[in-house]
Amino acid sequence: MDEQAFLDAVRRDQAMLYRVAYTLLHNGEDCNDALQDAVVNAWRRLHTLRDEKAFRAWMTRITVNCAKDMLRRRRLETVELTETIAAPPVADPGLSDALARLKEGLRLPITLYYMEGLSVAEIAQAMRLPQGTVKNRLARGRKKLAELLGEEETEWK
(Lines give C-alpha, C1' and ligand atoms only; values in the text may rest on other atoms or scores of the structure.)
Protein backbone atom coordinates (compact mmCIF):
# COMPACT_ATOMS: atom_id res chain seq x y z
CA MET A 1 0.00 0.00 0.00
CA ASP A 2 1.51 3.31 -1.02
CA GLU A 3 1.14 6.65 0.76
CA GLN A 4 -1.82 7.85 -1.31
CA ALA A 5 -3.74 4.60 -0.86
CA PHE A 6 -3.07 4.78 2.88
CA LEU A 7 -4.34 8.37 3.09
CA ASP A 8 -7.43 7.50 1.03
CA ALA A 9 -8.22 4.54 3.28
CA VAL A 10 -7.78 6.63 6.43
CA ARG A 11 -10.03 9.37 5.05
CA ARG A 12 -12.65 6.79 4.04
CA ASP A 13 -12.77 5.30 7.55
CA GLN A 14 -12.09 8.47 9.56
CA ALA A 15 -15.64 9.03 10.82
CA MET A 16 -16.05 5.38 11.78
CA LEU A 17 -12.72 5.37 13.62
CA TYR A 18 -13.71 8.54 15.48
CA ARG A 19 -16.95 6.91 16.63
CA VAL A 20 -15.03 3.82 17.76
CA ALA A 21 -12.67 6.00 19.80
CA TYR A 22 -15.63 7.94 21.19
CA THR A 23 -17.22 4.67 22.33
CA LEU A 24 -14.22 4.21 24.63
CA LEU A 25 -13.23 7.77 25.50
CA HIS A 26 -16.44 9.85 25.57
CA ASN A 27 -14.42 13.00 24.92
CA GLY A 28 -13.95 14.74 21.57
CA GLU A 29 -10.45 16.08 22.20
CA ASP A 30 -9.22 12.70 23.42
CA CYS A 31 -10.77 11.05 20.36
CA ASN A 32 -8.93 13.42 18.05
CA ASP A 33 -5.67 12.75 19.89
CA ALA A 34 -6.21 8.99 19.81
CA LEU A 35 -6.99 9.11 16.09
CA GLN A 36 -3.90 11.15 15.38
CA ASP A 37 -1.80 8.66 17.35
CA ALA A 38 -3.49 5.77 15.51
CA VAL A 39 -2.72 7.22 12.08
CA VAL A 40 0.92 7.84 12.99
CA ASN A 41 1.26 4.35 14.47
CA ALA A 42 -0.45 2.78 11.46
CA TRP A 43 1.84 4.60 9.04
CA ARG A 44 4.91 3.46 10.97
CA ARG A 45 3.64 -0.13 11.03
CA LEU A 46 2.19 -0.23 7.53
CA HIS A 47 4.73 -2.90 6.60
CA THR A 48 2.99 -5.29 9.05
CA LEU A 49 -0.31 -5.11 7.14
CA ARG A 50 -0.40 -8.39 5.24
CA ASP A 51 -3.61 -7.89 3.29
CA GLU A 52 -4.90 -4.50 2.17
CA LYS A 53 -8.45 -5.87 2.32
CA ALA A 54 -8.00 -6.15 6.10
CA PHE A 55 -7.03 -2.47 6.43
CA ARG A 56 -10.29 -1.45 8.10
CA ALA A 57 -10.06 -4.09 10.84
CA TRP A 58 -6.31 -3.49 11.25
CA MET A 59 -6.83 0.27 11.59
CA THR A 60 -9.72 -0.27 14.00
CA ARG A 61 -7.47 -2.40 16.20
CA ILE A 62 -4.81 0.30 16.24
CA THR A 63 -7.43 2.94 17.08
CA VAL A 64 -8.81 0.83 19.94
CA ASN A 65 -5.29 0.36 21.30
CA CYS A 66 -4.58 4.10 21.11
CA ALA A 67 -7.87 4.89 22.84
CA LYS A 68 -7.08 2.39 25.60
CA ASP A 69 -3.62 3.95 26.00
CA MET A 70 -5.35 7.32 26.34
CA LEU A 71 -7.60 5.86 29.07
CA ARG A 72 -4.55 4.56 30.94
CA ARG A 73 -2.89 7.97 30.72
CA ARG A 74 -6.11 9.64 31.82
CA ARG A 75 -6.21 7.48 34.95
CA LEU A 76 -2.66 8.47 35.76
CA GLU A 77 -3.21 12.18 35.41
CA THR A 78 -6.64 13.36 36.43
CA VAL A 79 -7.34 16.87 35.27
CA GLU A 80 -10.58 18.71 35.84
CA LEU A 81 -12.16 19.76 32.56
CA THR A 82 -13.56 23.26 32.37
CA GLU A 83 -15.31 22.72 29.05
CA THR A 84 -17.78 20.02 28.11
CA ILE A 85 -17.52 18.61 24.61
CA ALA A 86 -20.73 17.47 23.02
CA ALA A 87 -21.11 13.86 22.01
CA PRO A 88 -21.78 12.98 18.40
CA PRO A 89 -25.50 13.21 17.63
CA VAL A 90 -27.41 10.05 18.46
CA ALA A 91 -30.76 9.12 16.92
CA ASP A 92 -32.03 7.58 20.17
CA PRO A 93 -30.76 9.06 23.48
CA GLY A 94 -32.19 6.10 25.39
CA LEU A 95 -30.12 3.73 23.29
CA SER A 96 -27.04 5.88 23.79
CA ASP A 97 -27.52 5.80 27.57
CA ALA A 98 -28.07 2.04 27.53
CA LEU A 99 -24.93 1.53 25.42
CA ALA A 100 -22.89 3.62 27.85
CA ARG A 101 -24.02 1.35 30.68
CA LEU A 102 -22.71 -1.79 28.95
CA LYS A 103 -19.28 -3.11 29.84
CA GLU A 104 -16.65 -2.23 27.25
CA GLY A 105 -16.33 -5.87 26.21
CA LEU A 106 -19.98 -5.82 25.11
CA ARG A 107 -20.29 -2.17 24.07
CA LEU A 108 -17.46 -2.19 21.55
CA PRO A 109 -18.65 -5.22 19.51
CA ILE A 110 -22.24 -3.90 19.53
CA THR A 111 -21.07 -0.50 18.30
CA LEU A 112 -18.78 -1.93 15.64
CA TYR A 113 -21.39 -4.38 14.33
CA TYR A 114 -24.64 -2.45 14.46
CA MET A 115 -23.50 1.14 14.16
CA GLU A 116 -20.36 0.89 12.07
CA GLY A 117 -21.31 -2.10 9.94
CA LEU A 118 -18.20 -4.20 10.52
CA SER A 119 -18.56 -7.93 10.00
CA VAL A 120 -18.04 -10.47 12.77
CA ALA A 121 -14.73 -11.42 11.11
CA GLU A 122 -13.55 -7.80 11.02
CA ILE A 123 -14.51 -7.28 14.67
CA ALA A 124 -12.75 -10.49 15.64
CA GLN A 125 -9.61 -9.34 13.87
CA ALA A 126 -9.81 -5.82 15.33
CA MET A 127 -10.39 -7.06 18.88
CA ARG A 128 -8.07 -10.06 18.54
CA LEU A 129 -10.80 -12.45 19.57
CA PRO A 130 -12.16 -15.64 18.05
CA GLN A 131 -15.27 -15.11 15.90
CA GLY A 132 -17.28 -17.28 18.28
CA THR A 133 -16.39 -14.94 21.15
CA VAL A 134 -17.52 -11.94 19.11
CA LYS A 135 -20.81 -13.66 18.30
CA ASN A 136 -21.27 -14.51 21.98
CA ARG A 137 -20.58 -10.91 23.03
CA LEU A 138 -23.01 -9.62 20.42
CA ALA A 139 -25.71 -11.96 21.76
CA ARG A 140 -24.98 -11.02 25.38
CA GLY A 141 -24.86 -7.34 24.47
CA ARG A 142 -28.23 -7.55 22.68
CA LYS A 143 -29.73 -9.31 25.69
CA LYS A 144 -28.36 -6.75 28.14
CA LEU A 145 -29.51 -3.85 25.93
CA ALA A 146 -32.97 -5.39 25.73
CA GLU A 147 -33.05 -5.57 29.54
CA LEU A 148 -31.85 -1.98 29.89
CA LEU A 149 -34.33 -0.70 27.33
CA GLY A 150 -37.19 -2.91 28.53
CA GLU A 151 -37.69 -4.32 25.03
CA GLU A 152 -37.88 -7.72 23.47
CA GLU A 153 -34.48 -8.97 22.29
CA THR A 154 -35.91 -10.07 18.95
CA GLU A 155 -35.91 -6.45 17.78
CA TRP A 156 -32.08 -6.50 17.75
CA LYS A 157 -31.53 -9.54 15.58
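Tutor: What follows is a set of questions about labels, each answered from a value and a cut-off. Keep in mind that this is a predicted model.

Student: Let us start with Arg-19 and Glu-116. What makes this pair a salt bridge?

Tutor: The rule asks for a side-chain nitrogen of Lys or Arg within 4 Å of a carboxyl oxygen of Asp or Glu. The closest N and O atoms of Arg-19 and Glu-116 are 2.5 Å apart. That is within 4 Å, so the pair counts as a salt bridge.

Student: Which parts does the pair tie together?

Tutor: Arg-19 lies in helix 1, residues 3–25. Glu-116 lies in the loop between helix 5 (104–115) and helix 6 (120–127). The pair therefore ties together parts that are 97 residues apart in sequence.

Student: Is Glu-116 called buried or exposed, and why?

Tutor: Buried means under 20% relative accessible area. Glu-116 has 7%, so Glu-116 is buried.

Student: And Arg-19, why is that called partly exposed?

Tutor: Partly exposed covers what falls between the buried limit of 20% and the exposed limit of 50%. Arg-19 has a relative accessible area of 36%, so it belongs there.

Student: How many salt bridges are there by this rule?

Tutor: The count comes to eight. Another one of them joins Arg-72 and Asp-69, at 2.3 Å from N to O.

Student: How do you know that Arg-72 and Asp-69 are separated by about one helical turn?

Tutor: They are three residues apart in helix 3, so about one helical turn separates them. Arg-72 is partly exposed at 45% relative accessibility. Asp-69 is partly exposed too, with 31%.

Student: Lys-144 and Glu-147 are 3.9 Å apart, N to O. Why is that called a salt bridge?

Tutor: The limit is 4 Å, and 3.9 Å is within it, so the pair counts. Both residues lie in helix 7 (residues 131–149), three residues apart, about one turn of the helix. Lys-144 is partly exposed, at 35% relative accessibility.

Student: Now the surface. What makes Asp-2, Glu-3, Asp-51 and Glu-52 a patch of negative charge?

Tutor: Asp and Glu count as negative. A patch takes residues with over 30% relative accessible area and no salt bridge, and joins like charges within 9 Å. Asp-2, Glu-3, Asp-51 and Glu-52 gather in such a patch on the surface. Take Glu-52: its relative accessible area is 47%, so it passes the 30% limit. Glu-52 lies in the loop between helix 2 (28–44) and helix 3 (55–76).

Student: Which residues make the nonpolar surface patch?

Tutor: Tyr-113, Tyr-114 and Met-115 make it, with about 260 Å². Tyr-114 lies in helix 5.

Student: Which residues of helix 6 are buried?

Tutor: Val-120, Ile-123, Ala-124, Ala-126 and Met-127.

Student: How do you know that the buried residues of helix 6 line one face of the helix?

Tutor: Look down the axis of helix 6. Its buried residues fall within an arc of 165°, so they line one face of the helix. Gln-125 is also found in helix 6, and it is partly exposed at 41%.

Definitions and conventions
Residues are numbered from 1 along each chain as its sequence is written. This is a predicted model: local features need pLDDT of at least 70, side-chain atom pairs count only at pLDDT 80 or more; totals for chains, interfaces and linings use all residues. Side-chain values use heavy atoms; hydrogens and water are left out. Patches are made of residues with over 30% relative accessible area and no salt bridge: like charges are joined within 9 Å, nonpolar side chains (Val, Leu, Ile, Met, Phe, Trp, Tyr) within 5 Å. Accessible areas come from the Shrake-Rupley method with a 1.4 Å probe; for residues, only the protein chains shown count as cover. The place of a charge is taken as NZ of Lys, CZ of Arg, CG of Asp or CD of Glu. Helices (H or I, at least four residues) and strands (E, at least two) are DSSP runs, numbered from the N terminus. Buried means under 20% relative accessible area, exposed over 50%, partly exposed in between (1.4 Å probe, protein chains only). The arc is that of the directions from the helix axis to the C-beta atoms.
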